[in-house]
Amino acid sequence: MRVFAVLDVLLRVCGWTFIKECSGPQILTWSYGRYGPSDAAAGYRDRGREPVTTVVAVLDRAVATDSVQRCAVEVLFVGVPCGQGSRTTLAGLTAHLAAIEAYRPGDRIPIPFPTGRARQPSM
């Protein structure tokens, strides 16, 4: 997925980990594990909560495959109900990356992203 190469480098430099098992030809997934929430949230999944902050980027196949400008991005914050994603764009993700990384379970979500899914439920 060379179209996401710049995003991948940006996220990895900031401490995000690419999740190959949750990625595919149109969807790429990263989790944030640089700080405690991912370690402290081991039991969250059993309680129906997201165990770690995760970013899912979905390529928009309606545009040229070498463009990610219109890709949809879903942010799943650690500790929120499983599947309750916050939708944004690639520009929204990069503009608010520091606030996303600073989020801790129980905090108010720092960005007024609309909730919903950026990807198809069957994926």
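Modeller: Happy to; we'll go from the overall layout to a few single residues. One thing to keep in mind is that this is a predicted model.

Colleague: Good to know. How many helices and strands does the protein chain have?

Modeller: The secondary structure comes to four helices and five strands. Starting from the N terminus, the elements run α-β-β-α-β-β-β-α-α.

Colleague: And in what order do the five strands sit in the sheet?

Modeller: They form an open sheet with the order E1-E2-E3-E4-E5, and the pairing is antiparallel. As background, strands of a sheet pair through backbone hydrogen bonds, either parallel or antiparallel.

Colleague: Which strands stand at the edges?

Modeller: Those are E1 (16-18) and E5 (86-89). Each has a single partner strand, so one side of each is left without a neighbour in the sheet. From one strand to the next, the twist averages 25°.

Colleague: Let's zoom in on E4. Which strands does E4 pair with, and over how many bridges?

Modeller: E4 covers residues 72-76 and pairs with E5 over four bridges, in the antiparallel sense. With E3, the antiparallel pairing runs over five bridges.

Colleague: Is E4 mostly covered or mostly exposed?

Modeller: Mostly covered: four of the five residues of E4 are buried.

Colleague: Okay, new topic. Which helix packs on the sheet, and what does that helix touch?

Modeller: Helix H1, residues 5-13, packs on the sheet and touches E1, E2 (27-32) and E3 (54-58). The direction of H1 makes about 135° with that of E1.

Colleague: How far is Leu11 from Tyr32?

Modeller: Their C-alpha atoms are separated by 8.7 Å, while the two residues are 21 residues apart along the chain.

Colleague: What about something charged? How many salt bridges are there in the whole structure?

Modeller: A search of the whole structure finds one salt bridge. Asp8 forms that salt bridge with Arg12, and the closest N and O atoms are 2.8 Å apart. Side chains of opposite charge can pair when their charged atoms come close.

Colleague: Where do Asp8 and Arg12 lie?

Modeller: Both lie in helix H1, four residues apart, which is about one turn of the helix.

Colleague: And are they buried or exposed?

Modeller: Asp8 has a relative accessible area of 19%, and buried means under 20%, so Asp8 counts as buried. Arg12 is partly exposed, with a relative accessible area of 44%.

Colleague: What else does the side chain of Asp8 make a polar contact with?

Modeller: The side chain of Asp8 makes a polar contact with the side chain of Trp30, at 2.8 Å. Leaving aside neighbours within four places in sequence, Asp8 is in contact with Phe18 and Trp30.

Colleague: Trp30 keeps coming up. What does Trp30 touch?

Modeller: Leaving out residues up to four places away in sequence, the contacts of Trp30 include Leu7, Asp8, Leu11, Trp16, Thr53 and Val55.

Colleague: Last topic: how many residues are in the largest nonpolar core?

Modeller: That core has 25 residues, and those with the most contacts inside it are Leu7, Trp16, Trp30, Val75, Leu93 and Ile100. The elements that give two or more residues to this core are H1, E2, E3, E4, H3 (90-95) and H4 (97-102). E2 gives the most, with three residues. In soluble globular proteins, nonpolar side chains tend to be buried together.

Colleague: And what share of the protein chain counts as buried?

Modeller: Of its 123 residues, 43% count as buried. Also, among contacts between residues at least 6 apart in sequence, 54% join residues at least 24 apart.

How values were computed
Residues numbered from 1 in each chain as written. Predicted model: local features only at pLDDT ≥ 70, side-chain atom pairs only at ≥ 80, totals over all residues. Heavy atoms only, no water. Pairing = 2+ DSSP bridges. Axes fitted to C-alpha atoms, helices over the stretch in contact; angles between N-to-C directions. Contact = heavy atoms within 4.5 Å. Buried < 20%, exposed > 50% of the residue type's maximum accessible area, 1.4 Å probe, protein only. Polar contact = N/O pair within 3.5 Å; in protein donor to acceptor, adjacent residues only side chain to side chain. Salt bridge = Lys/Arg side-chain N within 4 Å of Asp/Glu carboxyl O. Core = buried A, V, L, I, M, F, W, Y, C linked by side-chain atoms within 4.5 Å.
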